[in-house]
Amino acid sequence: MPHTIISKDQAQLNQFFVNGFVEIDLNLSSDTHSAIYDETDRLFQTLQIGSNPHNNIMPMVSGLHEVLDDVNLKNAISNLLGPNYLIHPHRHCHTNFPSDKNDSPSMLQPFHKDGHAHKPRPRHREPHWLILFYSPQETWLDRGPTAVLPGTHLLGQLSSSPPSRTPPVISQDGNQLFVDETFWARQVMPLTGGPKAVLCHFDLGHGAMRNITNLPRYVHKFVAMRTQEPVSHQNLPELSTDDPIQAHLWRWLGQKCTLMTSKDEQDFDTWQRNLHAPDPTISTRAIYLSAAVAAAHRDRVIEALIDAVRRDVVHYAKDEVLNIPDAVNGLVLIKATNALFTMLASAESALIATAAYGFGQLRHVEALPHLLKLLEHENPGVCRHAISAIGLINAAKDRADDASLDALQRTFTLAEDWDVRLFIIQAVIRLGFDMRLLPLLIKALSDEHPYVSHFAMEQLCRFDCDEARRAVIEPLRRNRWFPDPFFPI
């Protein structure tokens, strides 16, 4: 069914694009929120100190299903991820118990960007993944809310300093909170109020504040995944913005959007200087202005972007190739396929992975034969990027090609690393309800890793056929959970 964005939802999307998060008032009664809080609190009072049920929180706090089924929340997630989004099996209750310190406001945690449930994923500025924070209680500043750094979802790093395990010092100016000048985005936004849900871009910087009350604070975290390509909204009025990143995000979602920039920003020397600026708020803007500058200086822009990519990957270790250099997004915007093919033929794993990412962003069909060969690459990061790109490219087509399906199935069977198998299942999910996918999904049901089997089960449950329904019945019978608040964790 076509998904139409109305004006209220456009405002919600714009808030998300600019700040990296949006708060959702749920359509649940206060009694429901109170029951979820009480059930959560009783659970943690029965556990040993420091224990947490982690991914098993759902059957132990049954009311959380009502949160995920809330109509306001489902509409908001659908606006960002499309109507057929999928909830990741990773979920976690973040606890914040009363502190013996009384300094407020202060941070309990350092600000950080989340990892993708144990192992990394290629990161995208476009909405492919969301973090959902649900607070079942009212949370005021002294009760230790989650705090976010608005706008940091657009930046590769939070600070010019190396990551620290020490919580940063917060300063206060009136009602505004700030971190020190080493942070690229200094404003601190505590997610107070509630009960409510907050949808965050996966790369948004966040952390818990110190709780100096005598009441526990709980936040239930979930992760949502996009499973399909955006649909066009060409029937909506055209938007305009002077922010090239916002213009890109709107266009990616199928919304007409005009980018208004000054002539100074389109001057090549100014643009190149900004591209190499140490401040990522400046360099990121330059990257997303690449297409505007390339209209008159295409070859020079491509050369500068390639240099920026090489500069960023030169110190990558073998396991860092999933950290994509930001400048490749400029090559994607100007469709510099020749440059990406040159990188793909490189002997450097980081450049190969970067090119694979770029072709995935472009949905470039001609790159598929080259990407399929990378499924056997010695660097597992390169292999993962290839799988991701193969899924995205085929998802943009009317029908996935047989060579891609055969290669994914073969790689799934041979892969010893569960995360490679999970990459493949997630790529297959993006291909939709193609009956040719059933054998692989059914095979994955019996995978030894629960994430792999869970994603396969979720997708099979969406197929409207008896073969898929029969396949999931027995695993569901075996995995029944009987809630027991006294079960020792």
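This report describes selected helices, strands, aromatic pairs and cysteines of a predicted model.

## Basis of the values

Local features need pLDDT of at least 70 in this predicted model, side-chain atom pairs count only at pLDDT 80 or more, and totals for chains, interfaces and linings use all residues. Residues are numbered from 1 along each chain as its sequence is written, and side-chain values use heavy atoms, with hydrogens and water left out.

Helices (H or I, at least four residues) and strands (E, at least two) are DSSP runs, numbered from the N terminus. A residue is buried under 20% relative accessible area, exposed over 50% and partly exposed in between, with a 1.4 Å probe and protein chains only.

## Helix 17

Helix 17 covers residues 418-429 and has twelve residues. From its first C-alpha to its last it reaches 16 Å, close to the 16 Å expected at 1.5 Å a residue; the expected span is 1.5 Å times one less than the number of residues.

Twelve of the twelve residues of helix 17 are buried, so the helix is largely enclosed by the rest of the structure. Among them are W418, D419, R421 and Q426. D417 caps the N-terminal end of helix 17, with a side-chain oxygen 2.8 Å from the backbone nitrogen of D419.

## Aromatic pairs

Rings of Phe, Tyr and Trp (its six-membered ring) pair if their centres lie within 6.5 Å; planes under 30 degrees apart count as stacked, over 60 as edge-to-face and the rest as tilted. By this rule there are ten aromatic pairs. One of them joins F17 and W250, edge-to-face, at 5.0 Å centre to centre and 80° between the planes. F17 lies in helix 1 (residues 7-19) and W250 in helix 6 (residues 244-252), so the pair ties together parts that are 233 residues apart in sequence. Both F17 and W250 are buried.

The rings of F433 and F463 have centres 5.4 Å apart and planes at 90°, so this pair is edge-to-face. F433 sits in the loop between helix 17 and helix 18 (438-444), and F463 in the loop between helix 19 (450-460) and helix 20 (466-478), 30 residues apart. F433 is partly exposed, with a relative accessible area of 46%, whereas F463 is buried at 3%. Elsewhere, ring pairs link Y37, F44, F97 and Y218 into a cluster.

## Strands and a sheet

Two strands pair if DSSP finds at least two bridges between them. Strand 2 (residues 86-96) has eleven residues, and nine of these are buried, so the strand is largely enclosed by the rest of the structure. Strand 2 pairs with strand 10 (residues 217-225) in the antiparallel sense over eight bridges. R91 stands opposite F222 in strand 10.

An open sheet is formed by five strands in the order 5-6-7-4-9, with antiparallel pairing. Strand 5 (171-173) and strand 9 (206-208) stand at the edges with a single partner strand each, so one side of each is left without a neighbour in the sheet. Strand 4 (residues 146-148) and strand 9 pair in the antiparallel sense over three bridges, and T146 stands opposite A208 in strand 9.

## Cysteines

The structure holds zero disulfides, a disulfide being a pair of cysteine sulfur atoms within 2.5 Å. For C465, the closest cysteine sulfur is in C461 at 11 Å, too far for a bond. C465 is buried at 12% relative accessibility, and C383 is buried with a relative accessible area of 6%.

Note on methods: A polar contact is a pair of N or O atoms within 3.5 Å; within protein, one must be able to donate a hydrogen and the other to accept it, and residues adjacent in sequence count only if both atoms are side-chain atoms.
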